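Q: Could you take me through some of the labels used for this structure, and say what each one rests on?
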Amino acid sequence: MSIKNTQISLDKNILEICWSDDHISRFHAKWIRFHCKCVRCKPTVTFDYKIDIPSFSPDLAYDEVKITDEGHKLYITFEKELFKNHTTEHDVDWLRQKCYCDVCLEEKVNARDVISKHLRSGREKVPPEIDFEEILEDSDRGTYMWLQHIIQEGMCIIKYVPTEENMIEEITRKVANLEVTSYGPVWNVIDTGGDNAAYSTIGLPLHQDQPQYETAPGLQLLHTLRFDSAVTGGNSTMVDMFEAVEIMRKESSEDFQTFVEVPANWCQIDLNPFSIEPVYLEHQKPHITLDYFGKVVGCVWQPGTHSALQVRERDVERYYKAHNKMMEIIRREELQYKFKLSPGDLLIFNNRRMLHARDAYKSNGGVRHLRGTYLRLDHVKSKYLVLARKLGYDVIPPKVGNNSSM
Amino acid sequence: MADYEIRDVQASSHKNIIQVYWEDGHVSRFHSCWLRFNCRCQICKKITVGQHNIDKSDPNFSDQLTIENAEFTKSDVKLTIVRDVIKDHVTYFDANWLREYCYCDQCLRKIITDRQMKFADPRKIPKVDCNELKSDEGTFRMIQKVFDVGFVILTGVSQKEGSVVEIGERLAPIVDQTYGKLFNVIDDPKASKENVASSTIGLPFHTDQCHYERGPGIQMLHAIQFDECVEGGESQLVDMFRVMEIFRKESPADFRVLTRVPIFFSTIDFKRKSPAYIKIRKPVIQLDYDDEVVAFNWNPGTENVVQVHEDDVEPFYRAYRKLSQILVRPELMFQYRLREGDMLFFNNRRMVHARAAYKSNGGTRRLQGTYIDIEELKSKYVVLGHKLGHNVIPPKIGNGCSI
């Protein structure tokens, strides 16, 4: 990409670049100066703090702009420059990449929105599968493959994982350290007749795990150690909440807006002095998070751990109306993945995107036992990109549902 | 907790609102849908975690839930709803619970003001002897101080390697995201190629790891070695919530810009021992439903390229500059030179921290650090307080909400 011509605005604050493909970029003086890539200004290591913005004059303005003969670099000088004899340096290709005109910003956001791309593809609601052999043969490539499914479809099942207790940690630690919650680093989903609905035989409605934390766990992994043939019921259902949210936005912008504005409370509270693990966790946040561009970047849904609604009178009825609308949408057949886990299946899903549910079951003397753990989404995305680079794949950093669109 | 008594209960003419008149003069208004969906009878009340007893969207509930009948005593309320999905169901509340969850503007406001952060005098450095942690009461008071002021200096810590992890994990789970459970902050030419913290230069005010979606809550730094001959290297802290309050008062328009226009934070390094691509976009200031500041993100050392609409570029830099200038006002800064045996224990989601540059002069300055989960620490604080019979209000800690 080369520059056809440049022009500085009359007020010396904007540099307009006309590119060889006729695209036009407009760069502010402060932006060009503070992103200078010369040896003196460019950070080379983590936490290298070289440009102290408040030290610069608020009236920084363009003086001169030069393109090198080869056309690869731009050299700029400023009026009211802070460093004596300093020339700001920029790589022309980098500048084009970082153009922030509305068109380019929109393109970048859309390019990263792999979730919407997947939803538009109209793919059948069948959980993608990978054979455990593929991970054994080539750990990097096998791990990359299931991570890619998580990034695109939001879920994946690794088949035929040996039904040993330690396997889930072995596979998970190839990605990152476990995300630990009040349930411990690794936990067992099995009927203990106890004090938690998950550790019983009752059905669990569609939900995400643990929004009583500021950020719910990122990735959830569930390894099926046992699912005896005597057991009846216990089938799994999953829904992509991003899909449900887009439907809500289309069908009822009013309810959508309610879910962006009006927060709910989730909690895990047990102050009983006789309980084994007393706990006090509580958080308040809206169901839907939008980013700077108005795109949906996060969603929360767990009807089982709500505490009482604490919002202004005028928001109460509209909240329940929106709640019912969302409940109705996620129950539609066409949104649902329905499957039954077999022993050896390792179900992995983005807990910030996919809702999961379990049908009630009857043991009939048999056992249904899943072993579970979590991973932070930041690490999942990081490992995906690091592996892609290592394996030579060209991928765009994706939107994953951790409240950031880029 | 006080015992609240009911004087009278009246349904509105449309039968979708109940007014509760309390003996102490307070008046509450509750919607019928709220009452039904938060019912505290034995069938509906949550007794197991994750159990979803009331299906709010059951189509058999009528669209407009109206109250058929309302009865009360001094200490409870019983209602019936027209066409309730459960036959003969009685919606039940005890008075104390109902009063606790009153959502009139006054009560909602009180939830916020009860938890408002108080700003401490930077001339006073809060210190706690680490032996206090041997008792529940001592531990409770220490955590209380951390949530009140934003940090404490624990004194008399054993100079054994790994003390910081030993103390940390007794309080809350260790958060191991990047640097391992235990990390050393020391001048190391090799390590400084990966992170400038491993050098002698001064570090500007920042909060750690806001390139993660949720930064580590509590940071602990133990001065395991800090020779007398070392010049400089003081620890500096500023209460960012106080800074943001000043910013909001002095430049409300600039304040608004930083709640809306986001920055990228990142650590992208494919070459280091554990390669990583962590990049996220967030606003500097996070507001909640009540327009209160509930979190912030500030780390000039890990900011990435500004990618915002043209119209926002200059307002952004102007606001950023203004906030940066408030942050460095000397009267806001806590400053303390750690002594061997001291451990800095601070809320990394409330305080920004910095380090003065230092000269080794042949000596060593080595800190050992770790992070622990602040939400679990808050849980421990409330649980302990309850166990000890204290009246604890769960504090606001800077984790994205007021409660």
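Q: Where is A:Lys12 found?
A: A:Lys12 sits in the loop between strand E1 (3–8) and strand E2 (14–19) of chain A, strands being DSSP runs of E with at least two residues and helices runs of H or I with at least four, numbered from the N terminus. This is a predicted model, in which local features need pLDDT of at least 70, side-chain atom pairs count only at pLDDT 80 or more, and totals for chains, interfaces and linings use all residues. Residues are numbered from 1 along each chain as its sequence is written, chains are lettered from A and ligands numbered from 1 in the order in which they are written, and side-chain values use heavy atoms, with hydrogens and water left out.

Q: Why is A:Lys12 called partly exposed?
A: Buried means under 20% relative accessible area and exposed over 50%, with partly exposed in between (1.4 Å probe, protein chains only); A:Lys12 has 34% relative accessibility, so it counts as partly exposed.

Q: Why is H9(B) called largely enclosed?
A: Of its 14 residues, 11 are buried, so H9(B) is largely enclosed by the rest of the structure. Among the buried residues are B:Ile374, B:Leu377 and B:Tyr381.

Q: How do you know that the span of helix H9 (residues 374–387) of chain B agrees with expectation?
A: The expected span is 1.5 Å times one less than the number of residues; for the 14 residues of this helix that should be 20 Å, and because its end C-alpha atoms are 20 Å apart, the two agree.
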